[in-house]
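Subject: A structure for you to look through

Hello,

I am passing a structure on to you, with some notes to read beside it. Please open it first and keep it in view as you go.

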Amino acid sequence: MHGELNKVRPVNNDAVILDWETDLTTQNNHNGVQLRPHIVWFGEAVPMLNKAIEIVKTADVLLIVGTSMQVYPAASLYEYAPKNCTIFYIDANPANVTNKTYNLTTITNLASFGLAELKPKLIAELANN
């Protein structure tokens, strides 16, 4: 949703996306146009936001892993989940995400440990559906 660090694009054309494995410098260009990382900077529109919203709208289970939930609009994606969707939020320092209309479980842990903790909960959730 926020791009890829191993890709670049010309500053004047979002449609041209190139694979990139080395350091990117001001000397790199594409047909004479400066290249930039293929990522979303603060203040820029998130090009895949609408697609992400459509995917979340169809979720039975939603995992939110390793985020402060402070950067919008991505932090609001869970609000598009169906009301019967089970949401698991894993973060070592989770934000206070309180919304009584969602089935939300917060796991306070590092992502790697939290995912291990999630596994039996997720298996149980899937068995109930």
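Below is what turned up, starting from the inside. Please keep in mind that this is a predicted model.

Let's begin with the core. The largest nonpolar core has 19 residues, and those with the most contacts inside it are Leu 62, Ile 64, Met 69, Tyr 78, Ala 81 and Ile 87. Helix H1 (49–56), E5 and strand E6 (86–91) each supply at least two residues of this core. H1 gives the largest share, with 4 residues.

Next, have a look at strand E6. It is largely enclosed by the rest of the structure, because 6 of its 6 residues are buried. Thr 86, Phe 88 and Ile 90 point one way from E6, while Ile 87, Tyr 89 and Asp 91 point the other way.

Which strands pair with E6? E5 pairs with E6 in the parallel sense over 5 bridges, and Leu 62 stands opposite Ile 87 there. Strand E7 (residues 103–108) also runs parallel to E6, joined to it by 6 bridges. In that pairing, Phe 88 faces Thr 105 across the strands.

Finally, the surface. Leu 63, Val 65 and Leu 115 make a nonpolar surface patch of about 220 Å². Val 65 lies in strand E5 (residues 61–65), and it counts as partly exposed because its relative accessibility is 34%.

Enjoy exploring!

Best wishes

Terms used. Residues numbered from 1 in each chain as written. Predicted model: local features only at pLDDT ≥ 70, side-chain atom pairs only at ≥ 80, totals over all residues. Heavy atoms only, no water. Patch = residues over 30% accessible without salt bridge, like charges linked within 9 Å, V, L, I, M, F, W, Y side chains within 5 Å. Areas by Shrake-Rupley, 256 points an atom, 1.4 Å probe, with all protein chains shown as cover. Salt bridge = Lys/Arg side-chain N within 4 Å of Asp/Glu carboxyl O. Buried < 20%, exposed > 50% of the residue type's maximum accessible area, 1.4 Å probe, protein only. Core = buried A, V, L, I, M, F, W, Y, C linked by side-chain atoms within 4.5 Å. Pairing = 2+ DSSP bridges.
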